[in-house]
Amino acid sequence: MTPVLDLRGIDKSFGSVQVLHDVDFVAYPGEVTALVGDNGAGKTTLVKCIGGVHDLDRGEFYFDGVPVRPRSPRDANALGIEIVHQDLALCENLDIVENMFLGRERTRGLSLDYSTMEEEATRVLSNLSVRTIGSVRRPVAALSGGQRQTVAIARAVLWDSRLVVLDEPAAALGVAQTQQVLELVRRLADKGLAVVLISHNMNDVFAVSDRIAALYLGRMAAQVRTSDITHREVVELITAGRSGKLGLRA
Amino acid sequence: MSTDTPKEQGAMKSGPVRMADADFAADRRQNDMAGALRDYWAQVRSGDLGAIPAILGIVALVALFTALRPETFLTDRNIANLFTQALPVTILAMGLVFVLLLGEIDLSAGVTSGVCAAVMAKLIVDSGQPWYVAVLGAVVTGIVIGTAIGWLVAVIRIPSFVVTLALFLGLQGITLRLVGEGGTVPVRDDVIVALANKNMPVALGWALAAACAAGYAAVQLWRWRQQHSRGLSVKPLQMVVARVAVVAAALLGGTLLLSQDRAPSPLITLAGIPWGVLLVGVLLIACTFVLGRTPYGRHVYAVGGNAEAARRAGVNVTRIRISVFMIASTLAAIAGIVAASRLNSVTPSSGAGNDLLYAVGAAVIGGTSLFGGRGKARDAVLGGLVIAIIDNGLGLLGTKAYLNFLITGSVLLLAASIDALARRRRSSAGR
């Protein structure tokens, strides 16, 4: 199986501080890859490199097996990479449809084509088994945290994306809403997308991921199948970079 | 950390999906009249007041001034007068709505209208240019001023409050230089003077009003039909019909009022809709379309709601910021032309008085939020009427100048308080 995303030997420095050292990272279609690591391990920097926000210093970037080099968020979007940021980036005063199409509105002549946009938004939401009939015209301000996260994720898959990166999607949610968002994350992968999930919560990681990639101080400690690793081993990889035979050499 | 084994949690991966459905399914509402009214009431209670304060204000003020001055306030002549009085403030406010939608402010819009009017008057009087060249000159002046403000705010990132306060002072100097100290430039061009002082033929007024009402009904019903047939969320048909009826009644009622003969002497007839009202109508339709039905309009609301989100979604935030100041100054230029037409002259203090405060007040009373992200073009018209009624009524009462200042200031504060309280209410109700 060709990975959707294949990063090899990524280096990234900000001034004299090297944040990423020789990082390899792979994401396969139809799988959820959890990206874990302590604060400051380089998760966000890696995601920003994937999303074209930062340019790489060194390393190879393969997308669907083709070498590419996204240098702006637009480049990344054009490839089919969508990033759902932690702070959601929704406009509360606009409704669900308007948020999903923001910046890429459908028009007919000079005028917005509301009907087509609403149809497409409803279709995407129902494809994700989120039923919103009669409510896609509600302002986002009226939605709960879980519903907002759902809208943000649905927006990411509206554009024929191949890779969706979710930055701590359940960080601010309650138990039931977290469950709901994790189910949605799982469904994205089941539809054949490559999903990268950043999370601090080991329960969430084990609940939905197929692979786990652990960063430790800017180095990739290990990337293994979730079924081949235990809870304790992941925690050790995060905190010490090593666990038994896994991880970085001393 | 829990003690669950990964295997147990992994069971969810293929499990059925329940909660995501339930959470959204609860939002489903029936599209009947009672449900729609309930929704609307819930919306109002949560602080989304819309046009209610302005309409209540108009009704209350009309009742108040009719009671205090029964023989003068509600006469046909005074009503027509009131409409022309409202024109410059309304046009100025319509431009400010764009700026306020971004949560910015343009304190120089009033004096911009003065400068543009001075440019127009000088072009007619000193250079002998025809009216259309003079109007073009005024509009271009407005665009240049707006671009400068927009550039300073959006690119240099000076707060709009400071930029426009500086221009508020600076531009008065330019008007003074153009008009000359203590001087007045008379405006006698027929077309310009007709704008605020002449009326369209009664028959044409009726035809236009009927066409507008029919057009509005057609657009609303066609849209409803299309949404209904495609199975999209729609308001109940009764609601759409009621809305069309209210708008049509307002249009035709206003036309009826303005079509009465209001000449002070029985020898002449003076009737019809002032041409300036038509101008406001055209601007209202254009601005409503731009804000409500174009991608540009969506982007203005988006930047006002969450600029960072708009930027990440690919909206050029800098360009949107510059553009709203350009629109505000362009409309200010038109407001200046109408004001010059009404007064038949341009003075060094044109646009420097209460105009700007009145215009901000009009937009806010109409329902545009000072905090950005909320507002419509029609707010300027409703709020402009409220302001004009206060101004006109106080004039009829013959109140002292100091009282006029106090009352107008209080009305602006009251409107801003309603806006701030409604916003607090909205955020606590999660809207």
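## Aromatic pairs

Rings of Phe, Tyr and Trp (its six-membered ring) pair if their centres lie within 6.5 Å; planes under 30 degrees apart are stacked, over 60 edge-to-face, and the rest tilted. By that rule, this predicted model holds two aromatic pairs over all chains. In one, the ring centres of Phe65(B) and Phe73(B) lie 5.6 Å apart with planes at 40 degrees, so the pair is tilted. Phe65(B) is buried, at 5% relative accessible area. Phe73(B) is buried too, at 1%. Buried means under 20% relative accessible area, exposed over 50%, partly exposed in between (1.4 Å probe, protein chains only).

The rings of Trp131(B) and Tyr132(B) have centres 5.8 Å apart and planes at 85 degrees, so this pair is edge-to-face. Trp131(B) is partly exposed, at 34%. Tyr132(B) is exposed, at 51%.

## A charge over a ring

The charged end of Arg423(B) sits over the ring of Phe371(B), 4.3 Å from its centre. The criterion: NZ of Lys or CZ of Arg within 6 Å of the ring centre and within 35 degrees of the ring normal.

## Helix α11

Helices here are DSSP runs (H or I, at least four residues), numbered from the N terminus.

Buried residues of α11(B) include Met239(B), Val244(B) and Leu258(B). Their cover includes α3 (33-45), α5 (76-101) and α10 (202-229) of chain B.

## Basis

Residues are numbered from 1 along each chain as its sequence is written, with chains lettered from A and ligands numbered from 1 in the order written. Local features need pLDDT of at least 70, side-chain atom pairs count only at pLDDT 80 or more, and totals for chains, interfaces and linings use all residues; side-chain values use heavy atoms, leaving out hydrogens and water.

Definitions and conventions. Helix = DSSP H or I, 4+ residues; strand = E, 2+ residues; numbered from the N terminus. Contact = heavy atoms within 4.5 Å.
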